[in-house]
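I opened the model today to look up a few local features and to write down what I found. The entries below follow the order in which I went through them.

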Amino acid sequence: MKHRVLYILILAALILSACGGAPSGTNGATDEPSVVHVGWAGSPDSLNPGLAILTESYTIFDLVYDSMYNLNLDGSFTLNLADSVDRSDDGLVYTFKIKDGIKWHDGKPLTAEDVSFSYNLYKDTPEYPYLNGYYTPYFSSIESTEKNEVVLTLTEAIPNLESQLVFLYIIPKHIWENENKVEFENTAMIGSGPFKMAEYVQNEFVRLTANKEHFATPPKVDEVIFQTFENQDALVQAIKTGQMDMITEMPNTAVASLKTVENVEVVVGAPFSPGVSDIIFNQTEEENCPTPEEGGICTGHPALRDRNVRLAMSHATDKQKLIDVVLLGLGTPGLTLIPDGLGVWYNDSLKDYEFDVAQANQILDDAGYLDTDGDKIRELPDGSRPLTFRLNWPSDSISAPRTAELLSEMWGEIGITLEMQAVDPDALTSQCCPAFDFDIMLWGWASDPDPSALLYVYTSEAIPTGSSETGYSNPVYDDLYAKQQIELDFEARKAIVWEMQKIVHEDVVYIIPFYEQATQAYRTDRFTGWITNQAKVELPDSSSLVLIEPVK
């Protein structure tokens with residue numbers, strides 16, 4: 001998938017040479033472009049906004065496209081593409097007055113017709129796993145008017161329209177109307193945002209150039225290059241040597257040493273999208289397996305469908321040890337997919353399962369999972385199969401390899417063994433959802449500011465669409481999900497959201513080992529203006545990249 005570090009270093013040198021030969025972030029001569037080099041461990045999985053899953057894709061979307069609302073670092077929303085919005089008294093009709101004079105990167109005007117086209121495309125394309133199934137279910141109609149207005153009519157009044165629209169990126173009708181919406185790779189990526197797509201090689205780099213004519217936030221720099229690193233030590237070394245101007249992630253083991261490096265500033269804090277690391281159990285029942293036409297394979301180990309097994313594994317998971325060893329203390333114990341970073345939506349009344357190996361062993365004994373042949377591995381109650389589970393994680397994960405090693409040790413104490421393997425992220429996505437061709441996975445989510453997106457992952461409806469990772473199905477939960485979607489009273493909706501978290505916690509749908517803090521770093525001798533004084537940390541966000549400028 002990715003290339004050796006030597007090749008990455010050669011590639012960086014070629015890119016640097018192509019940009020004028022000056023050191024990263026410096027001008028060398030006044031007419032040379034200012035180029036920001038950003039290092040990360042991932043790469044966009046798709047440039048089609050309807051199909052993308054990985055957070056790296058959304059980072060690029062946020063820079064190249066505009067949305068109706070901007071999500072700010074403090075969690076608030078700001079109207080972006082429109083001068084104003086009017087809501088009907090019944091909360092069903094929103095009228096957005098689109099700004100005049102906005103242009104696409106190819107010079108054509110962006111109008112209300114592009115906005116209505118985009119929303120209708122997301123609404124009418126069920127193959128889009130998130131934008132269709134989660135963001136648009138209450139859209140009744142979207143129309144544009146001759147007054148450059150967009151009229152959005154809902155089937156029911158909802159409490160969170162801003163968060164529903166913030167990731168519905170506006171795309172150009174004159175390009176997309178001639179393409180297959182699912183097969184379109186969108187490599188040219190014509191948008192209206194503060195940066196333009198210049199060059200993209202998957203798993204290697206993304207090069208963006210500044211849109212100096214942007215209507216709201218024209219960048220002060222000329223280019224941003226996101227470069228993929230497979231080796232995490234090389235990523236850290238790159239910020240030390242000045243090969244990179246900023247890195248979006250790093251092993252926590254590097255935090256202390258980087259803090260002592262001259263001209264490097266380390267930023268640690270809450271993630272912009274609060275992160276959730278999860279231990280995913282494939283618990284898809286036969287009747288819920290997606291059809292072969294939908295991509296279902298469903299090869300999960302049958303023991304994982306038993307709550308007793310998942311409960312025992314939860315009791316055998318020492319979360320504090322994982323935090324101390326894997327995160328070096330930079331995290332908090334997890335409970336549900338709704339992270340503590342979502343504030344009031346997080347159900348902090350839940351009591352976690354105590355780390356107790358003896359209790360875990362007793363649960364399995366009582367449920368009939370015994371080691372009948374003395375090999376220290378338990379078998380199914382009928383003796384037909386050992387409790388040996390495949391454990392996979394994305395190969396670009398920093399924390400998963402050590403987490404897997406520790407889980408193997410912990411679960412070995414209760415007679416469970418693991419076959420562990422790192423997998424290319426794209427391949428792992430294919431194994432996951434809706435194929436369910438795995439036993440256990442280590443992965444994670446970046447959350448929306450509203451809880452609905454992560455709550456949707458648990459629904460039965462999400463199983464065939466590719467949004468569900470576990471195959472979990474509970475009609476009571478499904479009903480509550482539908483209710484919270486339209487509950488306008490804040491306290492009443494909060495109570496429903498808390499009850500939903502209680503249900504899935506008691507059903508042990510996941511083990512959430514921890515909520516991780518964000519650790520990023522930038523060089524102080526190259527660019528100035530990084531936003532580091534907000535409640536959350538996200539240096540590659542457009543809020544920083546449109547403000548930074550070369551150090552004089």
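**Ground rules.** I am working with a predicted model, in which local features need pLDDT of at least 70 and side-chain atom pairs count only at pLDDT 80 or more, while totals for chains, interfaces and linings use all residues. I number residues from 1 along each chain as its sequence is written, and the side-chain values use heavy atoms, with hydrogens and water left out.

**Aromatic rings.** I looked up the aromatic pairs and noted 20 of them in the structure; rings of Phe, Tyr and Trp (its six-membered ring) pair if their centres lie within 6.5 Å, and planes under 30 degrees apart count as stacked, over 60 as edge-to-face and the rest as tilted. The pair I noted in detail is Y472 with Y477, which is edge-to-face, with 6.5 Å from centre to centre and 75° between the planes. Both Y472 and Y477 are buried, where buried means under 20% relative accessible area, exposed over 50% and partly exposed in between (1.4 Å probe, protein chains only). I also noted one aromatic cluster, formed by Y58, F61, Y65, F167 and Y169.

**Helix pair.** I then turned to α10 (residues 319-326) and α12 (residues 400-412), which pack at an angle of about 145° with their axes 10 Å apart; helices (H or I, at least four residues) and strands (E, at least two) are DSSP runs numbered from the N terminus, and axes are lines fitted to C-alpha atoms, for helices over the stretch in contact, with angles from 0 to 180 degrees between N-to-C directions. On the α10 side K321, L322, V325 and V326 meet R402, T403, L406, L407, E409 and M410 of α12, contact meaning heavy atoms within 4.5 Å.

**L545.** I placed L545 in helix α17 (residues 542-545) and found it buried, with a relative accessible area of 0%. Beyond its neighbours within four places in sequence, L545 is in contact with residues including L63, F195, P219 and W530. From L545 to D74 I noted 17 Å, C-alpha to C-alpha, for two residues 471 apart in sequence.

**D66.** Where does D66 lie? I found D66 in the loop between α2 (55-64) and β2 (69-71), and at 4% relative accessibility D66 counts as buried. Leaving aside neighbours within four places in sequence, I listed contacts of D66 that include Y169, S192, H214 and F215.
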